[in-house]
Amino acid sequence: MTEPTHVLVARRLSRDYGRRRALDAVSLEIPAGRIVALLGPNGAGKSTFLKLCAGMIEPTDGGASIFGISAREAPNSAPWRVACLLDSHEPPEWADGRRLVAMQAEASPRFDRAFADAFCFGGGIDPRQPYGSLSRGQRRRLLAGVVLASGADLILLDEPADGLDTAARRDLYDRLRRRVNDSGSTAIVATHNIHDIERVADDVAILARGRLVLHGSLEELREEVREIEAPLGAALKPDSPIEILARRRERDAELLWARSTGGERAIAAAFDAAPAISPVGLEDLYLALTQTSFEEFESAQEVQS
Amino acid sequence: MRIRLDHHSGEPIWRQIVEQVKYGVASAALEPGAQLPSIRALAAELGINPRTVVKAYEELDHMGLVVMRQGQGVFVADRRPDVTASARRRLIADLGRRLLAEGARLGADADEVIKIVSEVADEMERQHD
Amino acid sequence: MKLRLFLWLMRRLRPITTVAAAVACGWTLLVPGPLYESREWPLLFILAHSIAITSALGRFMTPQFAWLHGRGYSRAALWSHTMAAAGAGALAVWIPAALIVATPARSFVHDRLFTSPYYPIMQPRDAIEIWQWLWTYLALLPLMAYGWIRESQPTRGMMGGWLLVIAAIIAGFSMLNITRPGEFPRELVNGAYGLAALICLIAGRRLYRALEVRR
């Protein structure tokens with residue numbers, strides 16, 4: 001396999017809406033052929049990040065480039081290489097499935113009609129039924145199918161599986177996986193459903209209050225991140241090669257989430273007392289990270305006032 | 001042989017594949033010389049990134065459990081890797097210590113752990129037949 | 001030419017076109033006296049219709065607008081098709097109205113029903129007016145589009161462009177209203193409008209490249 005090239009490079013990417021900073025100095029690189037789970041609580045900046053990647057809005061500071069060109073220039077010079085389905089984007093009520101598919105086919109030179117017909121019009125959707133009369137699940141299935149069929153190199157999805165039943169959600173993500181594996185395209189999926197996306201994602205990026213609090217490959221995180229239950233007062237040895245991602249004080253112990261390239265052994269060695277160390281799933285890690293940053297924010301507010 | 005993944009355990013996927021192939025070889029569900037699925041096919045079957053499969057196969061290759069033949073595929077190795085008896089004893093003793101420690105944490109003494117291990121060995125033997 | 005995109009945009013104009021065509025045809029057919037005697041009404045109508053077209057095609061904050069811009073059409077294609085749809089929306093109203101004048105329909109109605117005293121000279125006199133209508137449409141639409149986009153972009157120059165457009169329209173309209181077809185200032189106004197429209201068309205294309213889809 002050839003060395004991956006970066007599809008997306010963000011450098012201190014920031015965006016304000018009025019006086020509110022929606023995205024704050026996010027820097028990351030996403031190689032080709034990966035599915036990235038973009039996680040974060042409501043208002044963390046996920047949609048803003050996707051819109052900046054799609055070149056739909058102008059960054060206030062910093063910048064993003066896709067395929068080596070500025071993201072803001074992409075809608076002019078490489079428009080069909082990006083296809084997006086954001087939560088706030090919807091076709092008009094009168095449009096039926098046939099029209100939506102035909103329209104994407106017109107915009108996308110590499111459109112896969114067989115895929116679109118099989119996926120969009122499976123699950124009991126009549127191609128002539130107006131969009132407005134479809135259920136929420138049918139709508140998402142139709143729109144996500146159109147985006148997956150587009151043949152775009154960068155696919156941006158915001159809650160693509162919202163409203164779908166378990167089987168349809170799994171089907172959607174399996175098809176996304178297959179498209180990414182077969183065509184080498186890249187997908188960024190913003191979602192609250194961590195359980196579903198953990199099955200399929202290669203990388204994870206977690207936003208909290210506009211900041212990127214964690215980014216990495218899931219496989220690496222599985223190796224490097226551990227949850228630690230240390231007795232109160234247990235100290236970390238100085239100069240330990242581990243990074244504390246989050247910590248929380250319980251009544252009789254301290255919970256820590258730590259990362260080290262040395263894995264479990266390095267983390268165990270960093271404490272002077274023997275702690276209980278266990279692997280941590282994405283959902284627990286996500287909660288630890290976003291709650292910590294929330295608490296940090298709260299205490300920062302208190303200091304200011 | 002069917003590989004089953006747990007995506008939520010926090011255990012790296014590549015290591016889960018390695019462990020299950022190892023188990024398959026040990027329980028003789030995978031015969032020497034048997035062909036494993038191609039990287040592409042296994043990635044599609046499991047719904048994972050092909051790079052993860054590559055990493056697992058490379059690790060298995062490194063351990064001497066499989067051989068990757070250019071242009072032909074991946075096969076279960078014909079013979080076990082050469083490990084001296086003393087090295088083997090050291091590695092297995094190390095595993096044993098960890099197993100006993102985990103057992104103790106769960107409230108099982110050494111006798112119970114040994115009993116369970118021999119039962120598992122019988123099970124694997126039966127699957128082989 | 002991206003036919004699907006064009007039809008999609010035209011569909012947004014459907015209610016406006018239906019109402020505007022009915023009003024325009026009814027008025028053209030029934031207004032008594034030669035058309036040049038009541039010139040201010042067509043001008044006001046065209047202004048209102050142009051505003052309606054521009055706002056219907058430029059609803060930048062709607063989910064539908066955002067969806068369209070995430071499909072993979074280039075901004076240049078979106079701009080040119082939007083302007084083509086605006087022009088087609090105007091033509092869909094102008095053509096029936098112009099046909100009423102150009103065919104003997106209007107003359108016939110006024111001769112037989114209203115026994116108009118203008119009968120034999122009505123049709124040739126009216127036929128001159130309808131070309132002014134078309135020109136006014138084609139000149140106004142790019143102006144409105146440019147002003148509209150410029151207004152909506154918070155990161156760009158805000159009110160400057162919009163105010164200029166409004167001033168040009170008011171000045172031009174008063175001139176058109178007091179001069180007769182063929183008189184010198186009218187040709188000047190038409191020429192200036194044409195030039196402004198061309199500039200706005202080019203400038204609008206530039207502006208549209210960086211249009212923010214904020215929804």
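Modeller: Contact here means heavy atoms within 4.5 Å. The model under discussion is predicted.

Colleague: Which residues of α2(C) and α4(C) meet?

Modeller: On the α2(C) side they are F45(C), H49(C), I53(C) and L57(C), and on the α4(C) side T82(C), A85(C), A86(C), G89(C), A90(C) and V93(C). By class, this contact has seven nonpolar, three polar and no charged residues.

Colleague: How do the axes of these two helices run, and what is the handedness of the crossing?

Modeller: The axes of α2(C), residues 40-57, and α4(C) come within 10 Å and cross at roughly 145 degrees. The crossing of α2(C) and α4(C) is right-handed.

Colleague: How many aromatic pairs does a search of the whole structure find?

Modeller: Over all chains, the search finds six aromatic pairs.

Colleague: Why is the pair of W94(A) and W8(C) called tilted?

Modeller: The ring centres of W94(A) and W8(C) are 5.2 Å apart, with the planes at 50 degrees. Centres within 6.5 Å make a pair, and planes under 30 degrees apart count as stacked, over 60 as edge-to-face and the rest as tilted. The pair of W94(A) and W8(C) is therefore tilted.

Colleague: What makes this a pair that joins two chains?

Modeller: W94(A) lies in the loop between β6 (82-85) and α3 (97-107) of chain A, whereas W8(C) belongs to helix α1 (residues 3-30) of chain C, so the pair joins two chains. Together with W67(C), W94(A) and W8(C) form one aromatic cluster. Over the face of W67(C) lies R71(C), at 4.3 Å from the ring centre.

Colleague: Why is the pair of W79(C) and Y208(C) called tilted?

Modeller: Its ring centres are 5.6 Å apart and its planes stand at 40 degrees, so the pair of W79(C) and Y208(C) is tilted. W79(C) lies in helix α4 (residues 75-102) of chain C and Y208(C) in helix α8 (residues 184-209) of chain C, so the pair ties together parts that are 129 residues apart in sequence.

Colleague: What makes W79(C) and Y208(C) count as buried?

Modeller: The cut-off for buried is under 20% relative accessible area. W79(C) has 5% relative accessibility and therefore counts as buried. Y208(C), at 4%, therefore counts as buried.

Key. Residues numbered from 1 in each chain as written. Chains lettered and ligands numbered in written order. Predicted model: local features only at pLDDT ≥ 70, side-chain atom pairs only at ≥ 80, totals over all residues. Heavy atoms only, no water. Helix = DSSP H or I, 4+ residues; strand = E, 2+ residues; numbered from the N terminus. Buried < 20%, exposed > 50% of the residue type's maximum accessible area, 1.4 Å probe, protein only. Lys NZ or Arg CZ within 6 Å of the ring centre and 35° of its normal. Axes fitted to C-alpha atoms, helices over the stretch in contact; angles between N-to-C directions. Left-handed = near helix turned anticlockwise from the far one by under 90°. Nonpolar A, V, L, I, M, F, W, Y, C, P; charged D, E, K, R; others polar.
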